[in-house]
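User: Please take a close look at the ligand site in this model. Then show me some of the contacts elsewhere in the chains.

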Amino acid sequence: MNFAFTEDQLLFRDTVRDFLAAECAPAQVREAAAGDGRSPARFDKLVEMGLTGLTVPEAQGGLGLGLVDYVLIAEEAGRAALPELLVDQIGIAVPLLSRFADRPEVASVLEAVATGAAKVAIGHPMDPFVADAAGADWLILGKGDAVHLVPAASVALTAETSVDPLRRIAGVEWLAGNDTVLSDAPGLWDEILDLGAIAMAAQGLGLAQAMVDLAAEYARTRQQFGKPIGSFQAVKHHLATVQVAIEFARAPVYKAAFTQRPRDVSHARIAVIDAAAMAARTAIQVFGAMGYTYEVDLHFFMKRAWALAGVWGDRHYHLDRMARMVLSDDAAIGADATFADN
Amino acid sequence: MDLRYTDKQNAFRAEVRAWMQANVPTTALKSYDTAEGFEEHRQWERVLNSGRFGMVTWPEALGGRGADLIEWLIFEEEYYRAGAPGRVNQNGIFLLGPTLMEYGTPEQKARFLPRMAAGDDIWAQGWSEPGAGSDMAAIRTKAILDGDHYVINGQKTWSTRAVFADWCFGLFRTDPESSRHHGMSFILVPLDTPGITRRPIPQLDGEPGFAELFFDDVRVPVENRLGGEGQGWHIAMATAGFERGLMLRSPARFQETARRLVDLYRRNESHVAPGVRDQVLKAWMDAEAYCLNTYMTASRLIAGGKIGQEASLNKIFWSELDRAMHETALSILGARGELMASGIPEAGEIARWLKGFMFSLAGPIYAGANEIQRNIIAERLLQLPR
Ligand SMILES: Cc1cc2nc3c(=O)[nH]c(=O)nc-3n(C[C@H](O)[C@H](O)[C@H](O)COP(=O)(O)OP(=O)(O)OC[C@H]3O[C@@H](n4cnc5c(N)ncnc54)[C@H](O)[C@@H]3O)c2cc1C
């Protein structure tokens, strides 16, 4: 039993954090929002750092790392409100495709993902739209139980406008064919949903912390009544309360990445949805009218958090699922049950 | 990261479980806030010690098992799972113990720790004074050096279980000219020393859980000082760190409450209001989150880390969780929720929720009020100006 990341994992996290601080600073996010939302140059650098291949098996040219390695990276992507499609790809699509890496056509997609030559988008059948469908070469889509890997040429997209100016979502029309079926194993979409929920939770954690940090920074400098507003206890307590919520959402996310069990995943998802929503509403309050503008960076983070809260199972979905797993008569929930089945 | 227990850890759990099954009293002890209940609980501490379960993390020579913090968590899980009695010596074993381990001389460790583990010395804390609650640096009780003794004069209050305890540890002003955080020392005082008067204060439930302590020329040998003279504040902060950060409230306690809450919900599901389900789920998740967070802290400490300001996050979380769980339980019980005693079958369970609810209201006050913890988080973690 050791609930800690390795030195290497933390070091890699720090490298990615520094990289994103330089290449995906709020000013650059703003720039992307003013343009078409994506920076091919930044994406190339993500590829160079090995991030697109992070979870791709070594045989397909990736680093072959697991979800525990990746979860910290996803958190950083959230912290920076990274516009490019990275997390959905390395945290949902690739772990799924890797299960079928023994098939040559899937292996070649994985290889192309690792080198940055191809992008894969994925949408759960429960969600109406697919993120970054337009930029993808391949889409992973569902019909009933079946999971399909569909080439971009075979889909028709209807772009939609998200509240998040950096999100690129689209409705997808396509025809399922035998040649596109990846698997029709029952329950596979449930497992994919868990991967999606972990991806959203990890990003939400980073987003929430980013919002608190922005608000704290503002509170240190903005003066009213002759002193920084951060010296007022109401402001302090607002932010401290959010920090508590973030801190106690953190371990559940890491555990979910380790176990990938539905109960752990739903816990992480709900805790982060709540913490991020609280971070957003608190941060805007601390910023005052500034927070209600497009001029201050806060809104990029708030809007991402709002958008991510609804996909890959929203709060109600996960609560209902949790209720079935925790409140049923045979649920194992005692003090000794937390790590019992790992 | 590896969230699986080792074979050794599983074996340890099995050993604790079997021992608890054989030794935990089958009928509940009387409240340790009564004279009789206090001695019953002391007796239980002796039984625990006979199984070398008094404080498993201590070295064997001092009455422990040299267990690490993960094993301590396992021990606690089995302890609460077995419904074992409350620890009457929690101030000693969970707070003073670790502090002695860090700051005590070898003589002090040998003198105090084995007796503490054995339940021979039950400890009370003496920080608060009438004029020094949240503002602990306002402490005025003096301990003035006279030869090889300190002479203590002043008053402490809200000292939990000090009505019946054998010793108290606390902060005293050893430099009469000093103010605020300076000039205080951490001193251990036998409560039967001449010159000490104890006045019981009944708590919310009517039992004398607090004592007010009056010191009138109380002479305590210098070797009862823990750490250097004037170092008291620094050491007290370490004790507070153990208290808030890890030891005082082990996760198993709240997970057990959450389990009881889920159980109560299941039995009443057909007639509770719809929103209650989500409150129950939230309680269960939060208790779980507290556990996970503690395992992360334990792993970090085992790797050589230290408890820092994040202890304040902890303290807020568990105290507000405990209150929320009890409020939810009472809302499930509805009109039966006022029953302190009754002939109906669930009477014992209801009274337990009610007493737990009352005590949960103290959680956000003791161990540093939550407002103060929020100040600490804002100023030290988020670096907001004072
Ligand atoms: C069950 C229980 C057991 C206890 N056991 C012990 C014990 O064994 N030994 C011991 O020494 N003490 C003990 N205490 C006392 C405890 O340490 C104090 O109650 C606590 O430190 C708060 O002090 P106070 O009660 O004087 O409240 P006060 O300090 O008067 O505070 C009252 C209210 O004002 C708020 N407040 C005060 N200052 C500030 C500020 N700067 N900013 C914002 N809000 C502020 C507080 O948060 C609180 O809500 C116990 C208390 C309880 C309830």
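**The ligand site and beyond**

Residues from chains A and B surround the ligand, so the two chains share the site. Keep in mind that this is a predicted model.

Where do the shell residues of chain B come from?

A backbone N or O atom of B:Trp127 sits 2.9 Å from a ligand oxygen. For B:Ser128, a backbone N or O atom is 2.7 Å from an oxygen of the ligand. A side chain takes part too. An N or O atom in the side chain of B:Glu371 lies 2.7 Å from a ligand oxygen. How much of the ligand does the protein cover? On its own, the ligand has 960 Å² of accessible area, and the protein covers 66% of that.

Now leave the ligand and turn to charge pairs. Side chains of opposite charge can pair when their charged atoms come close. Over all chains, the structure holds 47 salt bridges. Here are some of them.

Take A:Glu191 and A:Arg99 in chain A. Their side chains form a salt bridge, with N and O 2.7 Å apart. A:Glu191 lies in helix α7 (residues 188–221) of chain A, while A:Arg99 is in the loop between α5 (87–98) and α6 (104–115), so the pair ties together parts that are 92 residues apart in sequence. Are these two residues buried or partly exposed? A:Glu191 is partly exposed, at 39% relative accessible area. A:Arg99 is also partly exposed, at 44%.

B:Arg42 and B:Glu39 meet in a salt bridge at 2.9 Å, N to O. Both lie in helix α2 (residues 35–50) of chain B. They are 3 residues apart, about one turn of the helix. Their accessibility values fall into two classes. B:Arg42 is buried, with a relative accessible area of 7%. B:Glu39 is partly exposed, at 40%.

Another pair is A:Asp14 with A:Arg13. Their closest N and O atoms are 2.9 Å apart, and they form a salt bridge. A:Asp14 is partly exposed, at 32% relative accessible area. A:Arg13 has a value of 18% and counts as buried, because the cut-off for buried is under 20%.

Which residues does it link? Salt bridges connect A:Asp336, B:Arg13, B:Arg17, B:Glu77, B:Glu78 and B:Arg81.

Now check the backbone. Most residues other than glycine have a negative phi. Two residues here have a positive one. A:Ala81 is not a glycine, yet its phi is near 50 degrees. A:Ala81 is found in the loop between α4 (67–79) and α5 of chain A. At 1% relative accessibility, A:Ala81 counts as buried. The other residue is B:Asp217, whose phi is about 50 degrees although it is not a glycine. B:Asp217 is in strand β7 (residues 210–221) of chain B.

B:Thr239 is in helix α6 (residues 232–245) of chain B. B:Thr239 is buried, with 1% relative accessible area. Its side chain makes a polar contact with the side chain of B:Thr99, at 3.0 Å.

Last, find B:Ala347 in helix α10 (residues 347–360) of chain B. B:Ala347 is buried, at 10% relative accessible area. B:Ala347 and B:Gly337 are 10 residues apart in sequence. From C-alpha to C-alpha, they are 9.6 Å apart in space.

Finally, return to the ligand.

Technical notes. Residues are numbered from 1 along each chain as its sequence is written. Chains are lettered from A and ligands numbered from 1 in the order in which they are written. This is a predicted model: local features need pLDDT of at least 70, side-chain atom pairs count only at pLDDT 80 or more; totals for chains, interfaces and linings use all residues. Side-chain values use heavy atoms; hydrogens and water are left out. A residue is near a molecule or strand if one of its heavy atoms lies within 4 Å of it. A polar contact is a pair of N or O atoms within 3.5 Å; within protein, one must be able to donate a hydrogen and the other to accept it, and residues adjacent in sequence count only if both atoms are side-chain atoms. Accessible areas come from the Shrake-Rupley method with a 1.4 Å probe; for residues, only the protein chains shown count as cover. A salt bridge is a side-chain nitrogen of Lys or Arg within 4 Å of a carboxyl oxygen of Asp or Glu. Buried means under 20% relative accessible area, exposed over 50%, partly exposed in between (1.4 Å probe, protein chains only). Helices (H or I, at least four residues) and strands (E, at least two) are DSSP runs, numbered from the N terminus.
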